Amino acid sequence: MFVYRILKHAKPSVFPLITFSAIIFLIHADNIIYHDSLHSAANTEATEKLQAHNHRTKKGTRSTVVHIPLRLIEGKNEADIRNQNALVAPSSATEEERIAWFREQLHNFNILKSNNLTRQFHTRVLGFFGHECEARFFMTWISPASLFGGRELLSVESIFKNHPEACVIILSRTLDTKHGHKILKPLLDQGFKVQAMAPDLPFLFKRTPAEAWFHELRKGRKDPGEIPLCQNLSNLIRLSVLYKYGGVYIDADVIVLKPLTGIRNSIGAQSMNLASKHWTRLNNAVLIFDMKHPLLHRFISEFSLTFNGNKWGHNGPYLVSRVIKRLGKRQDFNFTILPPIAFYPVDWNKISGFFTKPKTPAESRWVEAKLLQLSGKSYGIHLWNKHSSRLKIEEGSVIGKLVSDYCVICQTINSS
C-alpha cells in the first residue's frame with residue numbers, strides 16, 4: 001500500500017479546550033444524528049500532521065459578507081439539459097452502433113474542433129497569467145452557460161475569498177461568450193481576475209500521450225461509450241492543462257475553505273481504511289501540481305491506453321487511484337496524498353445531512369462542531385453536485401453557513 005507523505009511545518013496548531021470538547025462531541029454526534037462519514041482528526045496521525053500544516057494567512061477581501069436568508073439555488077434550463085443529453089449515445093446500442101452514431105454526430109461535438117477563438121487559447125492563457133497572480137486556478141465547464149448557477153459561482157467566489165489575488169481560468173466554450181461574461185461580471189466588477197477561455201483540445205493534447213488517442217477520436221474511430229463524452233473529456237482536459245501550465249484544478253462543486261498556496265504536487269484521498277491508515281480511493285476533483293509533473297504524464301497515458309466510456313469514474317477517480325496504486329511505495333514521483341478530511345470530509349452518500357437545518361439543540365451543536373472541524377482541518381469541501389444538486393440549502397445548515405461565510409458577492413449567490 002502507498003504510504004502517506006504529509007507536508008510538515010515547524011509550528012503545529014494548538015486547539016483550546018473548548019475546541020477539543022467540540023470535536024469529541026462531533027465524533028459521537030455523527031453516529032447519533034446524521035450518521036455521516038466525516039473522518040475524525042483524532043483517529044489518524046496523517047490528519048494531525050495536516051492540521052499542523054494548516055495556516056490561516058488572511059488577506060482582505062473586496063466585499064462585505066452579508067448574511068441573508070437562503071433559498072433553493074435553482075435556475076437549470078431544461079432546454080439546455082435536453083440539448084446536452086442529445087449528445088449522449090443511445091443506452092441500448094452496441095459498440096459498433098455507438099461508433100456509427102458518433103460518426104454521424106461528430107459535427108455536433110464542437111468541443112473537438114478548433115476555430116479562430118480556440119487557436120488563441122495559449123496566447124490568452126499566457127497573457128492572463130502575465131498579471132500578478134497569487135495562485136493559478138483552473139476549472140472546466142462543458143455544460144451550457146445557463147447551467148452555471150449559484151453553486152458554481154460560489155465555488156469561484158470561495159477561491160477569491162481565500163486568494164484575493166488569484167487568477168482563475170474556466171475552461172469552457174459556453175462561458176467564453178457574452179452570456180458567460182455577464183455571469184462572471186459581478187466578480188470582474190469587484191476587480192477579481194477570472195476569465196472563461198475556450199480550450200483548444202488539439203493544442204492541449206499535443207505532445208502528450210493523449211495526442212494519438214484524440215486524433216483517432218476526431219476521426220470517429222473510437223467508441224465514445226454510454227457516458228457523455230464531454231464528461232470524460234473534462235477528466236482529460238484538467239490533467240492536460242495542469243501538465244501544460246501547472247497550478248490548481250478544482251471542480252465547480254468544491255468550496256475552498258482556506259488558502260492552498262502552501263500545497264504542491266498533491267492529490268486528495270476520498271476514503272481511507274481507518275485501521276491501516278491507508279487510502280482506499282483517490283479523487284480528481286482537486287489536483288495541485290507543478291507544470292510537467294511526471295505523475296500527470298502517467299495519468300494522461302493511462303487515460304489514453306485504457307479509455308472506457310461505459311464505466312462511470314473509470315477515466316476519472318478510478319484512473320488516478322489505479323495509477324498511484326501501481327506505483328506502490330516508489331518515492332521518485334515526489335507527490336503527496338492528503339487524507340479525506342482535506343477535500344472530501346463527507347462522502348457522497350452522506351452529503352444530504354449538510355444541507356439540513358438543525359431542528360433540535362443537539363443538531364445545532366452538531367452543525368457548529370462540523371463547522372469547527374471544517375475550519376480547522378479541511379482545505380475544501382466537495383459538494384457532490386451529482387447527488388446534491390436538487391437538495392434545498394436550508395438556512396442554518398452546514399452548507400447554508402458556508403455559503404454565507406465563503407461568498408464574496410453574497411447577494412448574487414443567495415438570490416440566483
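Phenylalanine 303 counts as buried because its relative accessibility is 0%, and burial means a value under 20%. Its ring is paired with that of tryptophan 213: the two centres lie 5.2 Å apart and the planes meet at 85°, so the pair is edge-to-face. Keep in mind as you look around that this is a predicted model. Let's start with the whole protein and then visit some residues in turn.

**The whole protein**

- The protein contains 16 helices and nine strands.
- Of its 416 residues, 55% are buried.
- Among contacts with a separation of 6 or more, 83% are between residues 24 or more positions apart.
- The accessible surface comes to about 18100 Å², and carbon and sulfur atoms account for 53% of that.

**Aromatic rings**

- How many aromatic pairs does the structure hold? There are 16 of them.
- One of these pairs is phenylalanine 102 with phenylalanine 109, where the ring centres are 5.3 Å apart and the planes stand at 70°; this makes the pair edge-to-face, because planes over 60 degrees apart count that way.
- Phenylalanine 102 and phenylalanine 109 are both buried.
- Back to the pair we began with: tryptophan 213 and phenylalanine 303 have planes at 85°.
- This pair links distant parts of the chain, since tryptophan 213 belongs to helix 9 and phenylalanine 303 to helix 11, 90 residues apart.
- Tryptophan 213 has a relative accessible area of 5%, so this residue is buried too.

**Salt bridges**

- A search of the whole structure turns up twelve salt bridges.
- One of them joins arginine 98 to aspartate 223, with the closest N and O atoms 2.7 Å apart.
- Here two distant parts of the chain are linked: arginine 98 is in helix 4 (residues 95–105), while aspartate 223 is in the loop between helix 9 (211–218) and helix 10 (229–245), 125 residues apart.
- Both arginine 98 and aspartate 223 are buried.
- Aspartate 176 and arginine 124 form another salt bridge, and their closest N and O atoms are 2.7 Å apart.
- Aspartate 176 lies in the loop between strand 2 (167–171) and helix 7 (178–189), and arginine 124 lies in helix 5 (residues 121–129), so the two are in distant parts of the chain, 52 residues apart.
- Are these two partners buried or exposed? Aspartate 176 counts as buried because its relative accessibility is 17%, and arginine 124 is buried with a relative accessible area of 18%.
- Glutamate 302 and arginine 322 also meet through their side chains in a salt bridge, at 2.6 Å from N to O.
- Glutamate 302 is in helix 11 (residues 294–306) and arginine 322 in helix 12 (residues 317–327), 20 residues apart.
- Glutamate 302 and arginine 322 are both buried.
- Salt bridges with shared partners tie Arg98, Asp223 and Glu226 into one network.

**Lysine 258**

- Where is lysine 258 found? Look in the loop between strand 5 (254–256) and strand 6 (266–273).
- Lysine 258 is buried but has no salt bridge.
- The nearest side chain of opposite charge belongs to aspartate 405, and this residue is 12 Å away. A salt bridge needs the nitrogen and oxygen to be within 4 Å.
- What does the side chain of lysine 258 reach? It reaches the backbone oxygen of serine 378, at 2.7 Å.

Definitions and conventions:
Residues are numbered from 1 along each chain as its sequence is written. This is a predicted model: local features need pLDDT of at least 70, side-chain atom pairs count only at pLDDT 80 or more; totals for chains, interfaces and linings use all residues. Side-chain values use heavy atoms; hydrogens and water are left out. Helices (H or I, at least four residues) and strands (E, at least two) are DSSP runs, numbered from the N terminus. Buried means under 20% relative accessible area, exposed over 50%, partly exposed in between (1.4 Å probe, protein chains only). Lys and Arg count as positive and Asp and Glu as negative; His and the chain ends are not counted. A polar contact is a pair of N or O atoms within 3.5 Å; within protein, one must be able to donate a hydrogen and the other to accept it, and residues adjacent in sequence count only if both atoms are side-chain atoms. Contact means heavy atoms within 4.5 Å. Accessible areas come from the Shrake-Rupley method with a 1.4 Å probe; for residues, only the protein chains shown count as cover. Rings of Phe, Tyr and Trp (its six-membered ring) pair if their centres lie within 6.5 Å; planes under 30 degrees apart count as stacked, over 60 as edge-to-face and the rest as tilted.
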